[in-house]
Amino acid sequence: MKITKLLILTLVISLNAVLAQENTQHVESSSLVVPQIQLVPIKDTKTEKNYELYIELPENYSENNNKTYPVLYYTDAMWHLEILSASTEYMLEDVILVGISWQKDIAENLKQQYGAHASRFTDYSFWKKANPNHPKLKFGQAENHLRFIRNDVIQYVDNSYRTDPDSRTYFGYSLSGAFGAYILLTQPDTFNNYILGSPLSKGLVPYLSEIDAKLGAFRSNKNKTLNANVFIAYGTLEKEKAEPTNEFINLLNNRTNLNVSIQNKAIKGDHQTAFPMIAIQSVDWLSSLQDKTKTFINSDSLTVEIPYLGQKPPGLVPEPFAPGLVTTKNWQYGGVFTPDLKEFYFIREVGEEEDKKMEFVVFEYKNKSWQERVISKRVGQPFISPDGKIMHLGKRYMERTEDGDWSEIKKLDSVFQKIQIMRLTASSKGTYVFDEIGMPDGDGVIRYSRLIDGKREQPKAFGTAINTGSMNAHPFIAPDESYLIWDGRRDSGYGHSDLYISFKQKDGSWGEAINMGDKINTAAWEAGASVTPDGKYLLFNRNMGSDKYENVDVFWVDAKIIETLRPE
């Protein structure tokens, strides 16, 4: 069976190329039958409309009668069945798939005019405005169809199979993706995870905004806060999708009783050719959520005492940090935690090719869950002061406000504005340590500025123990100023930029630079190190791609490695 599904998956992926070609040869074909899929008739108990469910159980379902399974519900069943069945087989085996068909007893005249899928135009629509070009279609049936899914479909599946009621996912693409957006906005507790492929056009957002405005009662403090994971994606050639998608995300973020973790992606292709990879990448995303070591939404067992986005701590060999959440195939940089370990900030690159953009992102621990939020476009390399009161952004900064938020961005004193700073870190004593780029000879210089009797001294360059070689940058000063870590190039290094450490001597001087070794450094570019506020882990960045730096990942390692380098 896996061989059959692998063939299906390969054929579906190939659509990216096939859809661009014209097939001029007539070929006899037959329908593919997947034997483990059960076809179950089901009736909408209120409207009396008839539908079918395509139910596929995991291969090991009968082996353990005590095990419950997450459920992936998908609409437009006949269009999505094959790719979801094939991709989950290899990336998400322990899941029940439930496909919901179009209405089976649709009027014959509608079927002849619009096809067997005629009901999707009415069932998925949340606007009731009539269309003179389609007088036979009664739009605005989304509320009724959602009631059918909640009261009939989900209840039937939960009563008939061993399901995990706390792990339901919705998958929809195009119009059924827009229907998923409607569900998420109006009754988000229907599902825990939402996969919305190419869901919105500019004309649909005003309807959702109007619906959102009418849901004031839902925002009452009498209602508990709900959580949801959301995967939204569209094709890079669907440039018109970006603005309405961002507007919808803003609607979600403004909901006071809804915490959403959103992954928003642009995937190469147009509305048709992007679909296969959107489906596969969304299943991969869902797999990362189902992994118990990576689950960060709706997890009552996850507490502040198990921080770091729920990740299993590393040993003395560096590992990618939070794969699928923080570390992806794209560019990420500069991960830092707040002192209470409840917030993790970093910057990343999203999008494909010419549509790439930088985002400033935070994971926040709230209500026993981690939620992802895009703050803004890139504004600098973040560093949190040891007391948690200031977020440094190079030669700019923000202050923590009384309500726990951050102030507007401010500028450091004018003396710092003359220096091209990439990264500035600070010690508990208020000492600034920062780099400088743009030197005529290409060398980088690391400088410091102490706070003496409440006054900031003029920046000074470190000595040759630190400023030797080239491209010295991205320093991290320990809170107690006992050591300094930075990256740079030296003839004795392992290749590109390596991480170095210098320990402060008893006389206050800085010891010779020590290469942090072959467990940290490789022939690639390593840079931007910092230590978590509890002193337990070292985070740094490593180039995993080409010399274009298209794939820079965040790594972490046990901070005990620092003590192994300290001279006796």
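Biologist: At what angle do α3 and helix α10 pack?

Modeller: Bear in mind that this is a predicted model. Helix α10 covers residues 275–290, and its axis lies 10 Å from that of α3. The packing angle between α3 and α10 is about 40 degrees.

Biologist: Are α3 and α10 roughly parallel or oblique to each other?

Modeller: Anything under 35 degrees would count as roughly parallel. The α3 and α10 pair sits at about 40 degrees, and α3 passes α10 in a right-handed crossing. The two helices are therefore oblique.

Biologist: Which residues of α10 make the contact with α3?

Modeller: On the α3 side you'll find His80, Ile83, Leu84, Ser87, Thr88 and Met91. The residues of this contact split into eight nonpolar, four polar and one charged. From α10 come Phe275, Pro276, Ala279, Ile280, Val283, Asp284 and Ser287.

Biologist: How do α7 and α8 lie to each other, roughly parallel or roughly perpendicular?

Modeller: Helix α7 spans residues 175–186 and helix α8 spans residues 205–213, with axes that come within 10 Å. They cross at roughly 15 degrees, and the crossing is right-handed. An angle under 35 degrees is what counts here, so α7 and α8 are roughly parallel.

Biologist: How many residues of the contact of α7 with α8 are nonpolar, polar and charged?

Modeller: Helix α7 brings Ala181, Tyr182, Leu185 and Thr186. Helix α8 brings Leu208, Ile211 and Asp212. Sorted by type, that makes five nonpolar, one polar and one charged.

Biologist: Is Asp76 buried or exposed?

Modeller: Asp76 belongs to the loop between β3 (69–74) and α3 (77–91). Its phi is near 50 degrees, a positive value in a residue other than glycine. With a relative accessible area of 0%, Asp76 is buried.

Biologist: Where is His474, which also has a phi near 50 degrees?

Modeller: His474 is a residue other than glycine with a positive phi. A relative accessible area of 8% makes His474 buried, because the cut-off is under 20%. Its place is in strand β24, residues 470–477.

Biologist: Which residues does Trp525 touch, leaving aside those up to four places away in sequence?

Modeller: Trp525 sits in the loop between β27 (514–515) and β28 (526–531), and at 14% relative accessibility Trp525 counts as buried. Its C-alpha is 5.6 Å from that of Arg542, 17 residues apart along the chain. The residues touched are Tyr333, His474, His496, Ser497, Asn541, Arg542, Asn543, Tyr549 and Val552.

Biologist: What separates the C-alpha atoms of Thr47 and Phe148?

Modeller: Thr47 lies in the loop between β1 (37–43) and β2 (50–56). Its relative accessible area is 30%, so Thr47 is partly exposed. Thr47 and Phe148 are 101 residues apart along the chain, yet their C-alpha atoms are separated by 8.8 Å.

Biologist: And for the whole protein chain, what share of the residues counts as buried?

Modeller: The chain's secondary structure comes to 12 helices and 30 strands. Its accessible surface is about 26,500 Å², with 50% belonging to carbon and sulfur atoms. Of the 568 residues, the buried share is 54%.

Biologist: What part of the contacts with a separation of 6 or more comes from residues 24 or more positions apart?

Modeller: A contact here means heavy atoms within 4.5 Å. Among those with a separation of 6 or more, residues 24 or more positions apart account for 57%.

Key:
Residues numbered from 1 in each chain as written. Predicted model: local features only at pLDDT ≥ 70, side-chain atom pairs only at ≥ 80, totals over all residues. Heavy atoms only, no water. Helix = DSSP H or I, 4+ residues; strand = E, 2+ residues; numbered from the N terminus. Buried < 20%, exposed > 50% of the residue type's maximum accessible area, 1.4 Å probe, protein only. Areas by Shrake-Rupley, 256 points an atom, 1.4 Å probe, with all protein chains shown as cover. Axes fitted to C-alpha atoms, helices over the stretch in contact; angles between N-to-C directions. Parallel < 35°, antiparallel > 145°, perpendicular 65-115°, else oblique. Left-handed = near helix turned anticlockwise from the far one by under 90°. Nonpolar A, V, L, I, M, F, W, Y, C, P; charged D, E, K, R; others polar.
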